[in-house]
Amino acid sequence: MIRRAQAGDREGIIALWGAVFGDEPGYVARCLDVFAGEGNVFVQVNDAHGGAGGVDAVLSMVPCVAGESGEHDGRKSCKGFYLFALATRPEQRGRGLMAELLAHAEAEAKQRGAAFLALIPASAGLFGYYHRFGFVDLPLRAAVVELANAEHAADAAGGNGAPVATKTAASTTQSCKVSKVNILAVRLPALRRAYLETGPDDGPKTACISFSPRRFAMVAQAAADEGWRLFVNNAGYAVAKAVGGVLAVAELGAQSDEDARGLLHTAAAALAPTSAALQNAIITLPQKSGIFSAEKSRMYAAAQMRPLRAGIRSDEMYLRFGIDEVFEKNYENPGLFASL
């Protein structure tokens, strides 16, 4: 039987979530209370199990919006739901429980006026599974950019590669650890509007899938816990960290390739300021981004979307920074960028 989760299901949901994803009970509780929210968690229950043990499968539907700027290609931003933490008891798999939950989620979303469903599969093997239910891939473009040496990087950063926290000069690149000041949650929505959705030619390019400020604050904290830092100047922004000897850039928005390179140099100098300079940057970009279009790159599936009405195009959608997204898998998998 499928129904909205009730207070008596909480123990079973937390136990199932922990068994499938390995998350601590406290983290699961925060996801249920803050990220999902009341009325947005659905379960498959088997009353024969009795009590909390009756939860056989769970799915959360998080309200979201595509198109933060309010208009996209002449259309208003559209409402959707981000599906996450889809889990089934291992001994109950193969019975179609998740298929039933997905069908229920689609019907619920349509009833609530949603235009799409979106999700980030927990593993590469699950992309094919969700294709069976009408989900299409939302690719990112991965590009490899060679970085200048440390001395050049320092010059590009205005003679000092170290990040500063001051906001007195608009041209100064700023960097903050999100774990100390949740600057990613505060600033990223506006930066996306400026550099991804409208862009330098004032024409919408990408419809960013986003969450409410309270929900996105939790997403940003998850990114901070993984060590990601936000770099901003008057010509763009980058969310970056050093991973395995390269500059990993999870998101980049800039007015030009030259501006983007300046951001990369600053980030590289800040994250590896000693002799162990970072030589290359691996950058993931929205598929419509024109930044570094001449560099070696490839498209790869990073998320998925299920349109629920006509006119919703997957090539316009961009989903990054989901609560269950592990960015390192994009950079630590040696086969993912082998062709670059």
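Two strands count as paired if DSSP finds at least two bridges between them. The model described here is predicted. With that pairing rule in hand, strand 10 and strand 11 form a hairpin that has two residues between them.

**Strand 10 and its neighbours**

- In the turn of the hairpin between strand 10 and strand 11, Gly244 has a positive phi of about 60 degrees.
- Strand 10 (residues 236-243) and strand 11 (residues 246-254) run antiparallel and are joined by eight bridges.
- Gly236 has Ala254 as its bridge partner in strand 11.
- On the other pairing, strand 9 (residues 229-233) runs antiparallel to strand 10, with five bridges joining the two.
- Strand 9 also connects to strand 10 by a hairpin, through two residues.
- Val239 in strand 10 stands opposite Leu230.
- Strand 10 is mostly covered, with seven of its eight residues buried.

**Aromatic rings**

- The model holds eleven aromatic pairs, counting rings whose centres lie within 6.5 Å.
- Phe35 and Tyr82 have ring centres 6.1 Å apart and planes at 80 degrees; planes over 60 degrees apart count as edge-to-face, so this pair is edge-to-face.
- This pair links distant parts of the chain, as Phe35 lies in helix 2 (residues 25-36) and Tyr82 in strand 4 (residues 75-88), 47 residues apart.
- Both Phe35 and Tyr82 are buried.
- The rings of Tyr129 and Phe133 have centres 5.1 Å apart and planes at 65 degrees, so this pair is edge-to-face too.

**Helix 2 against helix 7**

- The axes of helix 2 and helix 7 (residues 213-225) come within 9 Å and cross at roughly 150 degrees.
- Angles over 145 degrees count as roughly antiparallel, so helix 2 and helix 7 are roughly antiparallel to each other.
- From helix 2, the contact involves Tyr27, Arg30, Cys31, Asp33, Val34, Phe35 and Ala36.
- These residues meet Arg214, Arg215, Met218 and Val219 in helix 7.
- The residues of this contact divide into seven nonpolar, four charged and no polar.

Key: Residues are numbered from 1 along each chain as its sequence is written. This is a predicted model: local features need pLDDT of at least 70, side-chain atom pairs count only at pLDDT 80 or more; totals for chains, interfaces and linings use all residues. Side-chain values use heavy atoms; hydrogens and water are left out. Rings of Phe, Tyr and Trp (its six-membered ring) pair if their centres lie within 6.5 Å; planes under 30 degrees apart count as stacked, over 60 as edge-to-face and the rest as tilted. Helices (H or I, at least four residues) and strands (E, at least two) are DSSP runs, numbered from the N terminus. Buried means under 20% relative accessible area, exposed over 50%, partly exposed in between (1.4 Å probe, protein chains only). Axes are lines fitted to C-alpha atoms, for helices over the stretch in contact, and angles run from 0 to 180 degrees between N-to-C directions. Angles under 35 degrees count as roughly parallel, over 145 as roughly antiparallel, 65 to 115 as roughly perpendicular and the rest as oblique. Contact means heavy atoms within 4.5 Å. Ala, Val, Leu, Ile, Met, Phe, Trp, Tyr, Cys and Pro count as nonpolar, Asp, Glu, Lys and Arg as charged, and the others, Gly among them, as polar.
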